[in-house]
Amino acid sequence: MTETVVNRSPLAPAIENVPPYDRGRARAAAASPRRPSAASGDNASGTRPRPPFERIALLLQGGGALGAYQAGVYEVLAEAALHPDWIAGISIGAINGALIAGNAPEARVDKLRAFWQRVTANPFCDWSERLLLTKGDAVRQWLNQMSAYLALAGGTPGFFTARFPAPWLHPSGTMEATSAYDTSCLKTTLERLIDFDRVNAGNTRLSVGAVNVRSGNFVYFDTATHKIGPEHIMASAALPPGFPAVEIEGEQYWDGGLVSNTPLQWVVDSRPHRDTLAFQVDLWSAHGELPRTLAEVSTREKEIQYSSRTRAGTDGFKYVQRLRRAMTDLFEKLPEDLQNCPEVQLLRPVIDHRVYNLVHLIYRARNYEGHSKDYDFSRASMQGHWRAGYHDAIRTLRHPQVFERPTNHEGVLTIDLLHDGSE
């Protein structure tokens, strides 16, 4: 897209550039009240017409401490009454997704905020921020590194704690011998903040990805086929060798990001196909600068690995949709005697005229963030990530194309305004 003038859509939220993260409640109090319709469950609003799609999907990538960016994006979606019908997440995206699906719409942002405040409650980092008033890039980088090293050494509240004694002092084959941290406190946090009865009630579909340790197979635990509990969320976030595998029905599972860190394919390949407005919130950017030091090499390696070839996946999906559309048009031109032949009947289930808007929001790391940005659980970094997600979502939702059904031949429109230069 080359357009530079951005017009406000009538479906976009009536919000301007706003103060940062810690004024969220003031924004919510000033916003027009929403009146959900009881007949439509969690996903209705009486104040704004629903976009012309059958389904709103929220796709959340894994990325550890960077996940506060997704919370900031969701806050804007909530203010715009864009409540997702389906949430799919990996790792920290699974945790954020469960916090959203497992609470009433009016409580979701507060629960997200409670989680992120809990896991960034480090008194040392808070005092360091207050004492060091100069906040240049060098100081911020030092503070971030100190916070990350503290998390490595001792863990972070409500999430994980360092094992003592160390793993190599435990008997071989035990959970303690195969992971550096204990995540039992995460289970307590999830049970306190998430209503798993609501998760499984079916109002908002939730899918979380994990990998079977023995088979290496990538699986999704999905409320359409499974009863989701805290163990499924923890399995999706069990990144080795830091976190232990999580046992579910006799099998051990690790973080789904080991295989695929982006849940787009799971949603778009599901049947029956639906016209979908998908917000894909990525925490790792595939684009980056050439590294100049070993530390920058480590950072770039993570970005490439965990961005999971997002654009390649999107391009592949667009190609498949183009073939589907072509087959649909071709079948409509076939004579009646050929339309019932076995070959046509075999292909018929995969053809349709469904449309998809894929809206990308990708976190762009700051200059002072290095290879430890995904385990920097300082309060200042969390607020910065949240604030970045909030502002990126505001700028994105101002654009009318987000809410318009695509008219191109493949029926797929990908939108990344911040990358494509529209903002």
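At what angle do helix 4 and helix 15 pack, and how far apart are their axes?

## Helix 4 against helix 15

Helix 4 (residues 108–119) and helix 15 (residues 379–397) pack at about 150°, with axes 10 Å apart. Axes are lines fitted to C-alpha atoms over the stretch in contact, and angles run from 0 to 180 degrees between N-to-C directions. The two helices are therefore roughly antiparallel (over 145 degrees).

Contact means heavy atoms within 4.5 Å. From helix 4, V109, L112, R113, W116 and Q117 meet R379, M382 and W386 of helix 15. These residues divide into five nonpolar, one polar and two charged.

## Basis of the model

This is a predicted model: local features need pLDDT of at least 70, side-chain atom pairs need 80 or more, and totals for chains, interfaces and linings use all residues. Residues are numbered from 1 along each chain as its sequence is written, and side-chain values use heavy atoms, without hydrogens and water. Helices (H or I, at least four residues) and strands (E, at least two) are DSSP runs, numbered from the N terminus.

Three strands form an open antiparallel sheet, ordered 3-4-5. Pairing requires at least two DSSP bridges. Strand 3 (155–156) and strand 5 (181–182) are the edges. Strand 4 (residues 160–162) pairs with strand 5 over two bridges. T161 stands opposite D182 in strand 5.

Technical notes:
Parallel < 35°, antiparallel > 145°, perpendicular 65-115°, else oblique. Nonpolar A, V, L, I, M, F, W, Y, C, P; charged D, E, K, R; others polar.
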